[in-house]
Amino acid sequence: MPRKKTIYDFYQMKHKGELVAWITAYDAPTAAYAEAAGMDMLLVGDSLGMCVCGLDGTVPVTMEQCLHHTRAVRNGAPNTFVIGDMPFLSYQVSIEEAVRNAGRFLKEGLADAIKLEGGKRVTRQIRAIAEAGIVVFGHIGLTPQSSGQLGGFKAQGRTIETARLVIEDALAVQEAGAHALLVEAVSPEVTQIIREKLSIPVYGIGAGPHTDGQLLIVSDLLGIFEAFTPKFVRKYASLGEEMKRAFIAYRDDVKGGGFPGPEHVYPMVEGEAEKLDELRDEE
Ligand code: KIV
């Protein structure tokens, strides 16, 4: 079993040009499969609101939900670097609350790091959380918690004005003491400049190839999220179709009397069934 990676392993991988592969995970069985597959790290994203709870965004997701799922992922993947995702309003209200909530991901969720959304507007939080000794991942570009302000789930950095803003955000996140940066749905030309300017690892989701590694949402990758598929997703499986096929087969077996079969029952101990007449005759 390979030992669990630390942020220093990710610095070294960047130095050597070794790309990092990570996905989101929300439950223990999926996390265990991901660990067995050699995934470098796992994000317990607040995307769980959409992928697990059927919400149409991440804003309603709570600390308690994030902690619950982070702990489940840790249980399933004890030897993988796990990142807890700070939900909306868990870090915006005050610096003190931000540090306390970040700490809960380590103490209660047993995560190795936290991620929070935003650039210049959250540098005080990043600095305070990092000063508390916590590994911090920044997240800029399309930040789903502020999709209202962005006018929806829209790609960022596609004009020179917004490209400048995204690059300023990246620099501010690093300057505040973040240990790594996630860039979401940003034009590849802009991500390339960010990676050239920053010394911390720069990872992407929908941000093109010029990164130190790639993240995908597990439900997109496996084909079990039908509501919406962003352009940047590559589906590696159609588990949704496979699940539907299995459910139909089971339903038909039950209705047709084909399940359970003789191999699925617990027969009585030899000689005991004959005595059942006594029970039948009892008043
Ligand atoms: O919650 C999440 O899964 C995320 C990704 C969209 C980057 O933050």
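Modeller: Happy to! One term before we start: helices here are DSSP runs (H or I) of at least four residues, strands are E runs of at least two, and both are numbered from the N terminus. Please also keep in mind that this is a predicted model.

Let's begin at a loop. Between strand 4 (113-117) and helix 6 (123-131) the chain passes through a loop that includes Gly-119. Buried means under 20% relative accessible area, so Gly-119, at 3%, counts as buried. What does Gly-119 touch, leaving aside residues up to four places away in sequence? Its contacts are Ile-140, Asp-169 and Val-173. Ile-140 is 21 residues away in sequence, yet the two C-alpha atoms are 6.0 Å apart in space.

Strand 5 runs parallel to strand 6, and 5 bridges join them. Within that pairing, His-139 stands opposite Leu-182 of strand 6. Strand 6 also pairs with strand 7, again in the parallel sense, over 4 bridges. There Val-183 has Gly-204 of strand 7 as its bridge partner. To get from strand 6 to strand 7 the chain goes through helix 9, making a β-α-β crossover that is right-handed.

Because 5 of the 5 residues of strand 6 (residues 180-184) are buried, the strand is largely enclosed by the rest of the structure.

Now for helix 1, which meets some of these elements. Its buried residues are Ile-7, Asp-9, Phe-10, Met-13 and Lys-14. On the face turned away from the buried side sit the exposed residues Tyr-8, His-15 and Lys-16. After helix 1 comes Gly-17, with a positive phi near 75°.

Phe-10 belongs to an aromatic cluster with Trp-22, Phe-81, Phe-137 and Tyr-203. Across the structure there are 7 aromatic pairs. One of them joins Tyr-8 and Tyr-11: the ring centres are 5.4 Å apart and the planes meet at 90°, so this pair is edge-to-face. Tyr-8 and Tyr-11 are separated by about one helical turn, because they are 3 residues apart in helix 1 (residues 7-16). Tyr-8 is exposed, with a relative accessible area of 58%, whereas Tyr-11, at 25%, counts as partly exposed. Tyr-250 and Phe-259 form an edge-to-face pair too, at 5.9 Å centre to centre with 65° between the planes. Phe-259 is partly exposed, at 34% relative accessible area.

Definitions and conventions. Residues numbered from 1 in each chain as written. Predicted model: local features only at pLDDT ≥ 70, side-chain atom pairs only at ≥ 80, totals over all residues. Heavy atoms only, no water. Buried < 20%, exposed > 50% of the residue type's maximum accessible area, 1.4 Å probe, protein only. Contact = heavy atoms within 4.5 Å. Phe/Tyr/Trp six-rings, centres within 6.5 Å; stacked < 30°, edge-to-face > 60°. Pairing = 2+ DSSP bridges. Right-handed = clockwise from strand over helix to strand, strands pointing away.
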